[in-house]
Amino acid sequence: MNPLQRKKDRIDALAATAAGGGDIPDAGHVSESGGLSLIGSAWLRLRRNPVFLIGAAITVLFVLLAIFAPLIAPHNGTTKYLISQVTPDTPIPPSQKGFPLGGDDQGRDFLSRLILGSRQTLIVGVLATLAGLFGGLVLGTIAGSIGGWVDSVVMRIVDVMLSLPSLVLALAVATLFGRPSQWTLIIAISIVQVPIFARLLRGSMLTQRASDHVLAARALGVRPAAITFRHMLPNSLGPVLVQATLVLATAIIEAAALSFLGLGNPDDSSAEWGQMLGKAQDLFDISPHVAFWPAGCIVVVAFGFTLMGESLREALDPRNRR
Amino acid sequence: MLRFIVRRLLQAVLVMFIVSVLLFAWLRSLPGGPVDSLLGERATPATRAALSKTLGLDQPLPVQYWHFLSNAVHGNFGTSTQVQSGTDAMELFLQRLPATVELSFFAIIIALVTAIPLGYFAAKRHGGLLDTGSVVLSLVGVAVPVFFLAFVLKYIFAIELHWLPVAGRQSPDLDATRVTNFYVLDGLLTREYDASWDAIKHLVLPAIALASIPFAVIFRITRASVLEVLNEDYVRTAESKGLSARIIRGRHVLRNALLPVVTTIGLQVGGLLTGAVLTETVFAYPGLGDALAQAFSQRDYSVLQVLITMAAIGYVLVNLLVDVAYAIIDPRIRTR
């Protein structure tokens with residue numbers, strides 16, 4: 001960063017502190033309350049970061065699309081409008097008036113399914129991430145706050161989960177359920193994320209445990225549970241939330257991979273991009289567009305989440321504070 | 001140093017023990033139970049009872065686990081029922097292993113020779129066009145599903161342009177002598193250079209698709225750590241001493257910056273197997289990933305057992321080696 005920019009940042013930071021009525025932070029140490037919190041200074045940097053803005057714009061558009069999908073889609077996703085055009089020679093109805101992207105292999109409107117698919121994709125991504133986050137939070141909090149042998153046992157289990165390739169673990173979990181469905185897909189993807197979240201949280205909890213404000217709380221006689229939940233956990237969440245943003249991207253990609261390997265949701269009445277892409281594999285050589293469109297959507301959305309996650313990570317990194 | 005290695009070895013054994021318990025629990029809780037899984041649904045009650053007895057399912061769980069473990073230690077995982085019906089599962093693993101090792105090796109080489117220079121020059125011209133472009137490329141690389149990339153490569157270079165073969169490990173009409181089952185190496189050993197060339201042509205597309213995973217990671221780590229090293233005092237000192245750019249790059253910057261890259265390569269092994277499952281399926285490449293995907297979709301549990309066990313062992317071993325290598329390079333690690 002050039003000197004001028006640095007100076008501007010410093011002024012902005014000062015301005016923000018003044019506006020917030022907090023104390024101007026001491027050199028070398030920034031107090032947690034008052035002053036400019038890590039989140040506050042991160043936001044100041046994010047607001048001007050084009051990478052973050054592009055990522056956030058893609059994400060917002062995607063979420064809006066998912067919410068208003070039924071209003072935007074020209075047709076519904078289940079009626080087989082073009083079924084008469086599906087023949088063994090032409091399994092995919094071509095583009096035509098009223099159906100700009102043609103139909104799918106069952107004569108349904110491809111564009112509408114693509115638009116409606118955003119909703120199911122978002123649901124799978126968000127639920128899988130939340131479930132993984134929750135599992136990781138529980139394990140990481142137990143390991144990081146209790147420490148000792150509990151920590152060792154939990155972390156060994158986490159190591160084992162990490163020692164299996166993510167897709168293998170997801171496949172193993174998915175086969176446990178007799179019949180694949182949307183829920184088995186979500187559970188399989190989320191379990192893969194649990195060890196990553198647990199490790200991250202434990203790491204930052206351990207740092208917190210050794211920090212001065214926790215020591216102070218302990219010296220004041222604050223109960224251990226209160227120290228964990230009020231002092232350590234909130235301060236450890238930064239890296240975990242960054243990871244969650246990145247996991248949203250991988251969850252959507254992983255859902256596609258599981259569908260591709262035949263362990264996705266077999267019920268395609270409500271479309272999902274990963275499922276559309278997974279099912280397109282047999283048709284790829286004949287009409288590649290049935291794979292390109294859902295894949296393109298996945299790439300753009302995953303790219304958006306990744307941009308946002310990466311810029312958040314950079315912004316929350318204390319080494320980047322000015 | 002010895003103590004460090006012993007301690008890490010004990011940890012690895014512990015991890016493998018937990019893996020075996022989990023694998024055992026997993027096999028027991030599969031829908032339909034192990035007998036159905038192994039025999040399929042059309043087995044007669046008599047064969048079921050016989051298999052239950054042979055598998056020792058009438059015995060208490062700890063005894064069953066012990067049998068499972070001792071079988072696993074002896075490499076006895078049963079016979080493949082679906083993937084290559086009748087073949088011993090361990091043998092199937094050993095047959096397929098060279099194919100995946102060869103593929104992963106090429107993928108890692110492709111990733112290293114592209115990602116490290118790109119990461120270095122991106123950091124060197126920090127904020128420039130090359131930097132921004134390659135950062136965006138690596139982020140897009142993360143966002144593209146590997147199997148889709150494989151499909152696109154196959155569609156363009158094999159189906160449309162006919163430059164490279166569509167699938168498999170070697171051309172069907174090629175009669176090559178096999179020594180090690182590493183096809184490229186075999187060709188070199190037996191001086192059947194056309195066989196090596198044929199194997200390489202089959203490797204190019206799957207290896208590029210597979211390389212996309214480690215490429216993005218190695219690029220980003222190289223770039224970040226070169227950026228950090230470039231700001232170090234010793235680099236400025238070296239520059240002010242008037243050392244040539246080549247020496248600074250080789251001895252001062254890259255040597256220090258590549259340490260984190262070494263660790264990452266170890267961590268990539270798991271990711272490579274994940275990628276291999278997908279790319280090998282797209283290219284019908286007869287390796288472990290292809291076997292694993294088939295074993296999952298056709299419920300071939302003997303093959304799954306051997307592959308999952310070996311995947312865990314492989315991952316633990318590689319990371320053990322990386323840890324030891326790292327401890328040799330950086331003595332501070334040993335005391336932790």
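Is B:Ala284 buried or exposed? B:Ala284 is exposed, because 12 other C-beta atoms lie within 10 Å of its own; the class exposed takes residues with 12 or fewer such atoms, buried those with 20 or more, and partly exposed those in between, with C-beta atoms placed from the backbone. We will come back to that residue later in the tour.

**Before you click**

This is a predicted model, in which local features need pLDDT of at least 70, side-chain atom pairs count only at pLDDT 80 or more, and totals for chains, interfaces and linings use all residues. Residues are numbered from 1 along each chain as its sequence is written, while chains are lettered from A and ligands numbered from 1 in the order in which they are written.

**Stop 1: the two chains**

Select chain A and colour it by secondary structure. Of the 322 residues in chain A, 46% count as buried.

Now switch to chain B, which has 14 helices and zero strands. The C-alpha trace of chain B spans about 85 × 55 × 40 Å along its principal axes. In chain B, 35% of the 336 residues count as buried. Take the contacts in chain B between residues at least 6 apart in sequence: 68% of them join residues at least 24 apart. For chain A, the figure on that basis is 67%. Two residues are in contact when their C-beta atoms, placed from the backbone, lie within 7 Å.

**Stop 2: where the chains meet**

Show both chains together. The contact takes 35 residues from chain B and 34 residues from chain A. On the chain B side, helices H1 (2-29), H6 (129-143), H7 (146-160), H12 (259-282), H13 (288-297) and H14 (301-329) each supply at least two residues. H1(B) gives the most to this side, with seven residues. By class, the chain B side has 30 nonpolar, five polar and no charged residues. Here Ala, Val, Leu, Ile, Met, Phe, Trp, Tyr, Cys and Pro count as nonpolar, Asp, Glu, Lys and Arg as charged, and the others, Gly among them, as polar.

**Stop 3: along H1 of chain B**

Next, pick out the buried residues of H1(B), which are B:Val15, B:Val19 and B:Leu23. An α-helix has 3.6 residues a turn, so residues three or four places apart point the same way.

**Stop 4: H5 against H13**

Select helix H5 (residues 89-124) of chain B together with H13(B). Their axes are 7 Å apart and the two helices pack at an angle of about 130 degrees. That makes H5(B) oblique to H13(B). Axes are lines fitted to C-alpha atoms, for helices over the stretch in contact, and angles run from 0 to 180 degrees between N-to-C directions. Angles under 35 degrees count as roughly parallel, over 145 as roughly antiparallel, 65 to 115 as roughly perpendicular and the rest as oblique.

Display the side chains here: B:Leu92, B:Arg96, B:Leu97 and B:Thr100 of H5(B) meet B:Leu288, B:Gly289 and B:Ala291 of H13(B). This contact has four nonpolar, two polar and one charged residues.

**Stop 5: the nonpolar core**

Which residues have the most contacts inside the largest nonpolar core? They are A:Ala170, A:Ile252, A:Ile298, A:Ala302, B:Ala150 and B:Leu307, in a core of 165 residues. Such a core is a set of buried Ala, Val, Leu, Ile, Met, Phe, Trp, Tyr and Cys residues joined through C-beta atoms within 7 Å. Helix H9 (residues 224-260) of chain A brings the largest share, 18 residues.

Centre on B:Leu307. Leaving aside neighbours within four places in sequence, B:Leu307 is in contact with B:Phe93, B:Leu288, B:Ala291, B:Leu292 and B:Ala295.

**Stop 6: out in the loops**

Return to B:Ala284, in the loop between H12 and H13 of chain B. Phi of B:Ala284 is near 45 degrees, a positive value in a residue other than glycine.

Then select B:His162, in the loop between H7 and helix H8 (183-189) of chain B. Phi of B:His162 is near 55 degrees, again positive in a residue other than glycine. B:His162 counts as exposed, with 9 C-beta neighbours inside 10 Å.

Finish at A:Ala210, in the loop between helix H7 (182-209) and helix H8 (212-219) of chain A. A:Ala210 is exposed, with 8 other C-beta atoms within 10 Å.

Terms used
Helices (H or I, at least four residues) and strands (E, at least two) are DSSP runs, numbered from the N terminus.
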